[in-house]
Amino acid sequence: MSNAKYWIDRLELMPHPEGGYYREVYRSTDTTRHPEHSKKRNLATSIYFLLEGENISHFHELSSDELWYYHDGQGANIHVFQDGKHQTYQLSKAPDGQLQVLIPAHSEFAAEVIDQKGYVLMGCVVTPGFDFEDFRMLKKEVMLGKYPGYMELIERFCMG
């Protein structure tokens, strides 16, 4: 029976700073200059990412595009703020779900398991490749200032 512990052990996942578990599985050896700051980045990177139960991915932002791919489990709700608008995407195999979701660079986003009794295993590809220098955890007071109508969502998904 596949479950969160099975995947955490099998894929050798470790805790991620934004919440959940991850392991990098690909980092392109080719490089490019990031279009915003011209620093050298790998063309692409890929990780496995798992959320379980009440564990969440806190609101954060990347300066690169990120594609999320559904692999197993209950699926995820991905909460995205882009251009001042909020949208929730369901990453799942359900008839109304999507098997992949693009999160554009500079979107503010967070995620949770659809059913908190379960888990979701995803793959995430970042291009240009992920670098912690291009990653930003979002503060509650900043998010509330930008999106005051989403207090409950922001309170739940921001670390502080």
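Q: Why does Cys-124 count as buried?
A: Buried means under 20% relative accessible area, exposed over 50% and partly exposed in between, with a 1.4 Å probe and protein chains only. Cys-124 has 2% relative accessibility, so Cys-124 counts as buried. A word on the source: this is a predicted model, where local features need pLDDT of at least 70, side-chain atom pairs count only at pLDDT 80 or more, and totals for chains, interfaces and linings use all residues. Residues are numbered from 1 along each chain as its sequence is written, and side-chain values use heavy atoms, with hydrogens and water left out.

Q: How do you know that Cys-124 is in no disulfide?
A: A disulfide is a pair of cysteine sulfur atoms within 2.5 Å. For Cys-124, the nearest cysteine sulfur is that of Cys-158, 19 Å away. A search of the whole structure finds zero disulfides.

Q: Is Cys-158 buried or exposed?
A: Cys-158 has a relative accessible area of 6%, so Cys-158 is buried.

Q: What makes strand β11 largely enclosed by the rest of the structure?
A: Strands (E, at least two residues) are DSSP runs, numbered from the N terminus. β11 covers residues 108-113, and six of its six residues are buried, so the strand is largely enclosed. Both faces are covered: Glu-108, Ala-110 and Glu-112 lie on one side, with Phe-109, Ala-111 and Val-113 on the other.

Q: How do you know that β6 and β11 pair?
A: Two strands pair if DSSP finds at least two bridges between them. β6 (residues 56-62) and β11 have four, in the antiparallel sense, and Ile-56 has Glu-112 of β11 as its bridge partner. β8 (residues 76-82) also runs antiparallel to β11, joined by six bridges; here Ile-78 partners Ala-111.

Q: Why are β1 and β10 called edge strands?
A: The open sheet of six strands has the order β1-β2-β5-β12-β7-β10, with antiparallel pairing. β1 (14-15) and β10 (100-103) each pair on one side only. Within this sheet, β7 (residues 65-73) and β12 (residues 119-127) are joined by eight bridges.

Q: How many residues in the lining of the largest pocket are nonpolar, polar and charged?
A: Ala, Val, Leu, Ile, Met, Phe, Trp, Tyr, Cys and Pro count as nonpolar, Asp, Glu, Lys and Arg as charged, and the others, Gly among them, as polar. By that rule the lining has 10 nonpolar, four polar and four charged residues.
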